[in-house]
Amino acid sequence: MDVTTTDVNKYVDLAIQYGAEYGVRIIGAIAIFVIGKWVAKKLSGLIKTLMDRGEIDPTLSAFIANIVDILLLVVVILAAINNFGIDTTSFIAILGAAGLAI
C-alpha cells in the first residue's frame with residue numbers, strides 16, 4: 001500500500017473543507033447553548049425573585065422557576081440543534097402533542 005503526497009494533500013484539503021464548513025456550525029451551536037442557558041437561568045431567577053416579592057409560597061415559586069428554566073432550556077437545545085442543520089420540526093410536533101396530552 002503506497003501512499004503518495006497527492007493522496008495526503010487530497011485528504012488534508014478535504015479535512016480543511018469540512019472543518020471550515022462544520023466548525024462554524026459547531027461553534028455557533030455552542031455559543032447558542034451557552035448564551036441561551038445563561039439567559040434561561042437569569043429569567044428563571046428573575047421570575048423566582050418577583051414571585052418571592054409578591055409573597056407567593058416559596059415552594060410554588062421554586063417550582064414555577066424550575067419549570068420555566070426547563071422549558072427555556074428545551075427551546076435553547078432545539079435552537080442549537082437547528083443550527084447544525086438538523087430538522088427540528090418533528091421534535092417540536094412531539095413537544096406540542098405532549099403539551100396537549102398533559
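From the N terminus on, the elements run α-α-α. The secondary structure comes to 3 helices and 0 strands; helices are DSSP runs of H or I with at least four residues, strands are E runs of at least two, and both are numbered from the N terminus. This is a predicted model, in which local features need pLDDT of at least 70, side-chain atom pairs count only at pLDDT 80 or more, and totals for chains, interfaces and linings use all residues. Residues are numbered from 1 along each chain as its sequence is written, and side-chain values use heavy atoms, without hydrogens and water.

**Whole chain.** Show the C-alpha atoms. Along the principal axes they fill a box of roughly 75 × 30 × 20 Å. Now color by burial: 13% of the 102 residues count as buried (under 20% relative accessible area, 1.4 Å probe, protein chains only).

**Helix 1 and helix 2.** Select residues 5-53 for helix 1, then residues 58-84 for helix 2. Their axes come within 8 Å and cross at roughly 165 degrees (lines fitted to C-alpha atoms over the stretch in contact, with angles from 0 to 180 degrees between N-to-C directions). That makes helix 1 roughly antiparallel to helix 2 (over 145 degrees).

**Their contact.** Show side chains here. The contact residues divide into 19 nonpolar, 5 polar and 6 charged (Ala, Val, Leu, Ile, Met, Phe, Trp, Tyr, Cys and Pro are nonpolar; Asp, Glu, Lys and Arg are charged; the others, Gly among them, are polar).

**Last stop: contacts.** Go back to the whole protein. Among contacts with a separation of 6 or more, 59% join residues 24 or more positions apart (heavy atoms within 4.5 Å).

Key: Parallel < 35°, antiparallel > 145°, perpendicular 65-115°, else oblique. Buried < 20%, exposed > 50% of the residue type's maximum accessible area, 1.4 Å probe, protein only.
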